[in-house]
Amino acid sequence: MISVCIPTYNGGKFIRQQLGSILSQLSNDDEIIISDDSSTDNTLEIINSFNDKRIKVFENNTFHSPIYNLENALKQAGGDYIFLSDQDDEWMLNKISVVMEHLKSANLVVHDAQVVDGEGKQLYKSFFELNHTKSGKFYNLFKNGYIGCCIAFNRHVLETCLPFPKNLPMHDLWIGNVAAFKCGRVRFIKDCLISYRRHGNNASITGGKSNRSIKEKLSDRVCILHNLFLR
């Protein structure tokens with residue numbers, strides 16, 4: 001069973017396209033877990049219009065944080081395999097089949113993506129090239145290549161990464177490092193399996209230049225290492 005976990009907040013502009021690209025790849029036994037952080041637009045109306053029993057919505061949350069909104073979705077997931085998804089991207093038609101093949105021998109898989117703008121026009125053919133993404137757990141501890149919307153993992157990783165530590169700087173950095181240091185067998189694959197949309201209102205800054213200082217970045221890594229030691 002596959003669980004696709006999506007944190008939503010005012011995602012009405014793109015959520016229909018995203019859900020359509022995911023549902024077409026799921027079996028009747030799979031699920032989409034949506035945790036909504038009290039959206040004030042038509043996000044929930046669009047989601048409910050699908051009238052699909054595979055979509056399970058947890059609404060009226062007040063996390064005010066995409067990190068802990070996602071954690072709530074992960075806590076509801078019943079699948080053996082977990083796929084993370086943003087609310088505003090679009091999956092390629094072969095995403096699940098390609099990733100599931102790699103999950104036969106890996107605990108966590110990170111795939112490449114093409115970067116597009118709000119109209120779907122390609123900005124970069126490869127996020128890996130843009131981000132200088134490489135494999136290696138020590139490299140990715142300091143140069144984060146674990147882009148959340150391109151990650152899938154097995155239940156062992158899920159159960160090891162939950163609950164999230166308090167004051168977590170980035171959920172994908174946490175999950176990726178838990179998999180690398182606590183579970184093993186992380187695999188980066190070059191297949192571009194989503195259109196990763198950067199439209200100026202994204203919840204995360206991934207794909208853009210970070211405005212965090214070196215001191216703040218080092219503090220983030222200390223937080224991750226400290227909590228890895230405790231876990």
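The model is predicted, so local features need pLDDT of at least 70 and side-chain atom pairs count only at pLDDT 80 or more, while totals for chains, interfaces and linings use all residues. Residues are numbered from 1 along each chain as its sequence is written, and side-chain values use heavy atoms, with hydrogens and water left out.

Buried means under 20% relative accessible area and exposed means over 50%, with partly exposed in between (1.4 Å probe, protein chains only). Helices (H or I, at least four residues) and strands (E, at least two) are DSSP runs, numbered from the N terminus.

**Strand β6.** Nine of the nine residues of β6 (residues 108-116) are buried, so this strand is largely enclosed by the rest of the structure. Its partners are listed below; two strands pair if DSSP finds at least two bridges between them.

| Partner of β6 | Sense | Bridges |
|---|---|---|
| β7 (residues 122-124) | antiparallel | two bridges |
| β8 (residues 151-154) | antiparallel | three bridges |
| β9 (residues 186-197) | parallel | eight bridges |

Valine 116 stands opposite arginine 197 in β9, and its bridge partner in β7 is glutamine 122. Valine 109, in turn, faces alanine 152 in β8. Five residues lie between β6 and β7 in their hairpin, and glycine 120 in the turn has a positive phi of about 90 degrees.

**Helix α9.** What does the span of α9 (residues 214-230) come to? Its 17 residues reach 24 Å from the first C-alpha to the last, close to the 24 Å expected at 1.5 Å a residue (1.5 Å times one less than the number of residues). Asp220, Arg221, Cys223, Ile224, Asn227 and Leu228 are the buried residues of α9. They cover an arc of only 150 degrees around the axis, which puts them on the same side of α9; the arc is that of the directions from the helix axis to the C-beta atoms. Ile214, Lys215, Val222, Phe229 and Leu230 are exposed on the other side of α9. The cover over its buried residues includes α6 (137-142) and α8.

Definitions and conventions
Contact = heavy atoms within 4.5 Å.
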